[in-house]
Amino acid sequence: MSGMNSGINVNDPTVIAAFKTTLLHQGIIALLIFTLLGFAWITVRAWLPAAHGTSGATSQGTPPTAVAEPSWRQLLRIGFGLLWVFDGILQAQPKMAIGLPSQVIQPAAASSPHWVQQVVNWAGTTWSYHPMQAGAAAVWIQVGIGIWMLASPRGSLSRLAGLASAGWGLVVWVFGESFGGIFAPGLTWLFGAPGAVLIYVVAGGLLALPERTWHAPWLGRGILAGTGLFLVGMAVLQAWPGRGFWQGISHHQPGTLAGMTEGMAQTPQPGFLAAWVNAFTAFDEAHGFAVNLFVVVALAAIGAAFLTGQRWLVRPAVAAFTVLCLADWVLIEDFGFFGGLGTDPNSMIPFALLALSGYLALTPGPAVAAEPASQELPAAGWRERVRPASLRRAVATASIRSVAVVGSLGLIILGAAPMAAAQATSTADPILAEAIAGSTAPLNFPAKAFELTDQHGRAVSLASLHGKVVLLTFLDPVCTSDCPLIAQEFRAAGQLLGASARKVELVAVVANPVYHQVAYTQAFDRQEHLTQVPNWLYLTGSVPQLQQVWKDYAIAAQLLPAGSMIGHPDIAYVIDQAGRVRAELNTDPGPGTTATKSSFAVLLANAARNSLRSS
């Protein structure tokens, strides 16, 4: 899954600063969205005071009543709405932009089948190519969905919020959690199976149910039966021999559970929490069989009680399940969000919310509440709804909840639109190359003249390239490390320039005093598929000629002890159409991943475009 890893350190200051700046700029836009919506709402209500309070009136003047939101649905809506907001805030952690694909998604997919890795790699590669846009998109989409759910207690907008939660949750479950690890070995409820976000999907589906089902007698039993069946299945899996859960220590090594908690305790977190996890690890190492037996019995008993659907059994089972979830969340999952790369509080809180909602749904509630349906318009065709008068009346009579819903949709668009635009390009964000190369100060001095021979044996001088922008670098034709990567970055930069490429020359000068003959430059070109690049020049000459050029451009070419390769700086100069040096770029390819190679190509192409515009 090479595409997932950009190779940049998660603490890289350049990337972190860029991510914070992106969030700050989009945060200002988000604030403006809500400010403008609030101002427009207040203004329209002031202009149309007579419409206030009459939106739900029927033709007879009697306000219609709305179906009361039952307690089970309110718990799911508010609980998962808050979880989405919290998850969005976690996505704003500085390490997320670079660290999520390489340190969260990739490890989660590593033990899954190859086809799962292929599916997940697509999303991880997209993120690693566009870390700023992807990281910010996750923040605003999840915060937007959470606010939408919190602000919509009933009506079609509330059901749509449930569908949005389910849809986005499914995306995160597949691409972010690798299907919750259900295809990987070691699957267990204790570690969060079947993935926290799958529970978000289930909750979203329940919230999307039509109002006529809110008080259906089968609903609570269905929620509990599904949860109970899952727990019984997890109990069987937990009891299965040979999976390492029955042993606290195996072959002088921690068992499966103790090994997991031992690793979790190393996560940066408050010391007293790490002490709790370490204490549980020691207890499990000493009493592994008893711990696993307790878990198996507890899951089976609670699941069986849920399957009965009987309130007198379900009530204590829900209480026991909630306590078990909290204990697992603290002692095994270690809250799930410490360390700077936690994406959510893991699965125990969602599981507890789902079970509690199932219990509440067993209790029949009032079918109708005597309150006006202020968010709903009278039944009308779409043509009537879009008439100016209808729109003014709808805005004037809208509640503050409606304004919050529209604002939340703005947040979702704010996150999704830049990511969609980035996804439409096949190149990586230049911030990756900037993180490796460092800052580039603008320059403006005459480039030193040279006259060398190209790969076809023709004489080429800097003067002969006058009128074109020159991207100049130095490559060793027998190098097997950085130079081939830099050559590919130059080739990709030429492709990115498109029609502007005819005004740009991609020039490399040999940086090897031993293997400098034309035959070597031609072999290098064939190896790196540069023979069909029309504006590519690979220049060489006699050793004295090359040494003069190296001196003029601050290139120290030294024979490495290992053999024929030459150590030299990885530098590119941008020379404008008038023959003046405008920029010096560090082209050290760093980790040489697909993302960084693409990013360097964008950086080089942008440098050439800037020079063309300023010439």
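Is Arg 458 buried, exposed or partly exposed? At 48% relative accessibility, Arg 458 falls in the partly exposed class; the cut-offs are under 20% relative accessible area for buried, over 50% for exposed and in between for partly exposed (1.4 Å probe, protein chains only).

A few ground rules first. The model is predicted, so local features need pLDDT of at least 70 and side-chain atom pairs count only at pLDDT 80 or more, while totals for chains, interfaces and linings use all residues. Residues are numbered from 1 along each chain as its sequence is written, and side-chain values use heavy atoms, with hydrogens and water left out.

**View A. Asp 454 pairs up with Arg 458 in a salt bridge.** That term takes a side-chain nitrogen of Lys or Arg within 4 Å of a carboxyl oxygen of Asp or Glu, and the count by this rule is 6 salt bridges. Here the closest N and O atoms sit 3.1 Å apart.

**View B. Lys 468 meets Glu 505.** Their closest N and O atoms are 2.9 Å apart. This pair ties together distant parts of the chain, 37 residues apart: Lys 468 lies in the loop between β7 (459–461) and β8 (469–475), and Glu 505 in strand β9 (residues 504–510). Strands are DSSP runs (E, at least two residues), numbered from the N terminus. Lys 468 is partly exposed at 28%, whereas Glu 505 is buried at 9%.

View C. Between Arg 77 and Glu 69, the closest N and O atoms are 2.7 Å apart. Arg 77 is buried at 4% relative accessibility, and Glu 69 is buried at 13%.

Definitions and conventions
Helix = DSSP H or I, 4+ residues; strand = E, 2+ residues; numbered from the N terminus.
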